[in-house]
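Here's a quick tour for anyone opening this one for the first time. Take a look, then read on.

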Amino acid sequence: MAESDPTWIARLTPTADSSVAALLGLPFGLDVWERHGGSLVVAAPESCLAELERRRLATVERWATREQYVAEMERRDP
Amino acid sequence: MANLIARVTSTSPRAPLARLVTSPLGLDVWEVRPDFVVLQADEFQLGRLEAMGFAVEQLQTAETHLSTFATAAAVSGYHSVATLEQDLRRLAEEHPEIAELHEIGRSIEGRPLWALRIGERRGSTRRVAFLGCHHAREWISVEVPFRLAEHLLENASSDPVQGWLQQGEVWVAPMVNPDGHEHTRTQNRLWRKNRRRNPGGSIGVDPNRNYGYMWGTLDISTSSRVPSDETYIGPRAFSEPEVRAVRDLVARERFDGVLSYHSYSQLILFPWGYTVEPIEDEADHTEMRGLAEQMERLIREVHGETYTAQQASQLYLTAGDTTDWTYGVYGVPSFTIELRPASALDGGFILPADQIEPCWQENRPAALEFIRHVLERPESSWI
């Protein structure tokens, strides 16, 4: 993935017009890490997350880029 | 300005080391020895120390130090492809009367796929299989089945294990995707798929979408036909050598139950994954749901952790996964257990190594109950 399109670990919360099932049904190639009643945790490129926002399918909470996430989690390892 | 780790010494009476520790330079002192001090400081601070008469030897940047140690800590305790092979060989050599290591196939990059057969071979017909690490980044899914094999062999002369190994066999294949696992250790910790080179330049097929039951019936994020996607199902069912190796093992040994470990989310999943509809056969559905709930209780009793029993599609829809295939084609109890942790914020796929042991401890009674259930089942339900 190009640096201009970093992969994020993010929480997706469907908008009122959407649903978790609808998000899962999209052909966006989401790497789904967690499914909750009202949200998903995914790894996805910025371009994909921006498209979800542009189409008002989900609000996106970007937690960390993939690299930041790995560094943070490995740092926590005692 | 970069933070640096440095060793500071002094031979100058105008710059005694004792003064260094108490100096108001805002130094982050890590280690104080009679003849040197190790500290973290920026370039400006180190320049000041040199101007004061101290000798400064830069060891490494703080970032390098952190990544080195963090990675070392994260890797220690987990198997690599090589150490797993060593340990499986050791188990087989230490218990030659009941353990036998089988190469069940080779990965796309040519690495052997190992399965340990455990049992006395007294003409037994009952067999149960435990699989691990279809997905490369799920390191804990190697460790739990490996420890299960170790436990069975260490307890092979006392009941109930002895009885099980007399009446049946347990097969353990802890690492179905060694190429991907190696890639996570050396290149990309969050790699998921195998290392197939796809037409178009992307890499990897999701081994847990490549089995031949209802393969290709979905085209969604969680079972994708796009080669660059994380859940790429492959060009055809059983296109991947790792998956064919499992297929051939299952076809040859005719297991009476299959349990495949994954991570994370702490779930106990039973078929179907490809549809939200429940299994049609009510007896099978009752049996698998009941066993999943029993395993959920057994796991919770150990450390209080909750692993939720549910139909696989309640997590999300998947077509071509292992347990849909083993149940769909062979009709045997089939489960996917998603191991620790519960969430990404608890580490996600990067489970700290100090969690391996408690994770194994809590999964041990569930795994043993699965063995008991399958081997003591009144009759096989082979279709």
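This is a predicted model: local features need pLDDT of at least 70, side-chain atom pairs count only at pLDDT 80 or more; totals for chains, interfaces and linings use all residues.

**Chain B at a glance**

Residues are numbered from 1 along each chain as its sequence is written, while chains are lettered from A and ligands numbered from 1 in the order in which they are written. As for the model's scores, ipTM is 0.82 and pTM is 0.82.

**Overall build**

- Chain B has 11 helices and 12 strands; these are DSSP runs numbered from the N terminus, with helices being H or I of at least four residues and strands E of at least two.
- Its C-alpha atoms fill a box of roughly 85 × 55 × 40 Å along the principal axes.
- Domain 1 covers 3–72 and domain 2 covers 79–375 in chain B, with bounds that come from an automatic or database domain assignment.
- The centres of those two domains of chain B, taken over C-alpha atoms, are 49 Å apart.

**Burial and helix H7**

- Of the 383 residues in chain B, 51% are buried (20 or more other C-beta atoms within 10 Å of a residue's own, with C-beta atoms placed from the backbone).
- Helix H7 of chain B, residues 178–186, is mostly covered, with seven of nine residues buried.
- Among those buried residues are B:His181, B:Glu182 and B:His183.
- They pack against helix H4 (81–94) and strand S6 (112–118) of chain B.

- Leaving aside neighbours within four places in sequence, B:Ala149 is in contact with B:Leu91, B:Leu116, B:Ile118 and B:Val172 (contact means C-beta atoms, placed from the backbone, within 7 Å).

**Where the chains meet**

- Chain B puts 28 residues into the contact, and chain A puts in 24.
- The chain B side that touches chain A divides into 14 nonpolar, nine polar and five charged residues; Ala, Val, Leu, Ile, Met, Phe, Trp, Tyr, Cys and Pro count as nonpolar, Asp, Glu, Lys and Arg as charged, and the others, Gly among them, as polar.

Terms used
Two residues are in contact if their C-beta atoms, placed from the backbone, lie within 7 Å. A residue is buried if 20 or more other C-beta atoms lie within 10 Å of its own, exposed if 12 or fewer, and partly exposed in between; C-beta atoms are placed from the backbone.
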